Amino acid sequence: MRKLLTKLFGASSNTDQKTKTETAAEQSTAPAVPMQSQGSSASLKDQINQALEQQNFSGAEPMLSEAIHQEPHNLSLRANHAYTLIQLGRIGEAEAALQAALQIDAKHLDTHFMLAGLLTAQGHHQAAFTSYQNCLQLDSRFAPAYLNAIRLAIDLGQLEQALHLLNQARQSNLHLVD
C-alpha cells in the first residue's frame, strides 16, 4: 500500500500553488488498492475493483459507500473511497473519509500518509507536517515521510526542525534520494 500512496502523493510535497483539480488530475493514473473478496460482499468488491481498474470513479463511489456501510472497519475500503473521492474532486469528503479511518485505527501508517499528502495538496502545510510526524512516530524508517516532512519544515520556515529530521534520517541510515 505504501507504493500506492507514494504514487498518489509522491515522495515530494505539492507545496506549489496547484489547484485541487490539477492535483487530482495528476494523481488519476495511480492504481487503487486492490481489495480481497471475502464472504457475501465478494461480488460487490469485484465490481468495485473492476470500476477502479477502469478509472470509473463515479461508478465506484456509490459501491464503495455501500461496502463501507457493510464493513465499516475495513480500512482498504476506506482508503479506496478516499482515493475515489479525490479523483472526483470531492476533497473535503476525502479528508473526512481519512479522518474516519483514523478513528478506527489511529496507528494506520498508510492512512496518516495519505491524509498528509491530501493536506499538503490543500495547502494545509502545518497540519500535513503533523501528519507526516505521526507517520514517523509509527515507522521511524519511512523515507517518503521524512522527505515530505523535511520539505514542509523548510517551506514553513522551520529550518531547525528540517535539520533535526534530516539528522534523524541519517542516524537511521536512510538514503533520502529524490
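1. In this predicted model, Y146, A149, I150, A153 and I154 of helix 9 meet L159, Q161, A162, L165, L166, Q168 and A169 of helix 10; contact means heavy atoms within 4.5 Å. Helices are DSSP runs of H or I with at least four residues, numbered from the N terminus. By class, this contact has ten nonpolar, two polar and no charged residues. Ala, Val, Leu, Ile, Met, Phe, Trp, Tyr, Cys and Pro count as nonpolar, Asp, Glu, Lys and Arg as charged, and the others, Gly among them, as polar.

2. The axes of helix 9 and helix 10 (residues 159-171) lie 7 Å apart at an angle of about 160 degrees. Axes are lines fitted to C-alpha atoms over the stretch in contact, and angles run from 0 to 180 degrees between N-to-C directions. Helix 9 is therefore roughly antiparallel to helix 10, a term for angles over 145 degrees.

3. Helix 8 (residues 125-138) and helix 9 (residues 143-155) have axes that come within 9 Å and cross at roughly 150 degrees. Helix 8 is therefore roughly antiparallel to helix 9. Here H125, A128, F129, Y132, C135 and L136 of helix 8 touch A145, Y146, N148, A149, L152 and A153 of helix 9.

4. The average pLDDT, the predictor's confidence in each residue from 0 to 100, is 81, and 75% of the residues score at least 70. Over residues 1-31 the pLDDT is below 50. Where pLDDT is low, the predicted coordinates should not be read in detail.

5. Residues are numbered from 1 along each chain as its sequence is written. Local features need pLDDT of at least 70, side-chain atom pairs count only at pLDDT 80 or more, totals for chains, interfaces and linings use all residues, and side-chain values use heavy atoms, leaving out hydrogens and water.

Definitions and conventions:
Helix = DSSP H or I, 4+ residues; strand = E, 2+ residues; numbered from the N terminus. Parallel < 35°, antiparallel > 145°, perpendicular 65-115°, else oblique.
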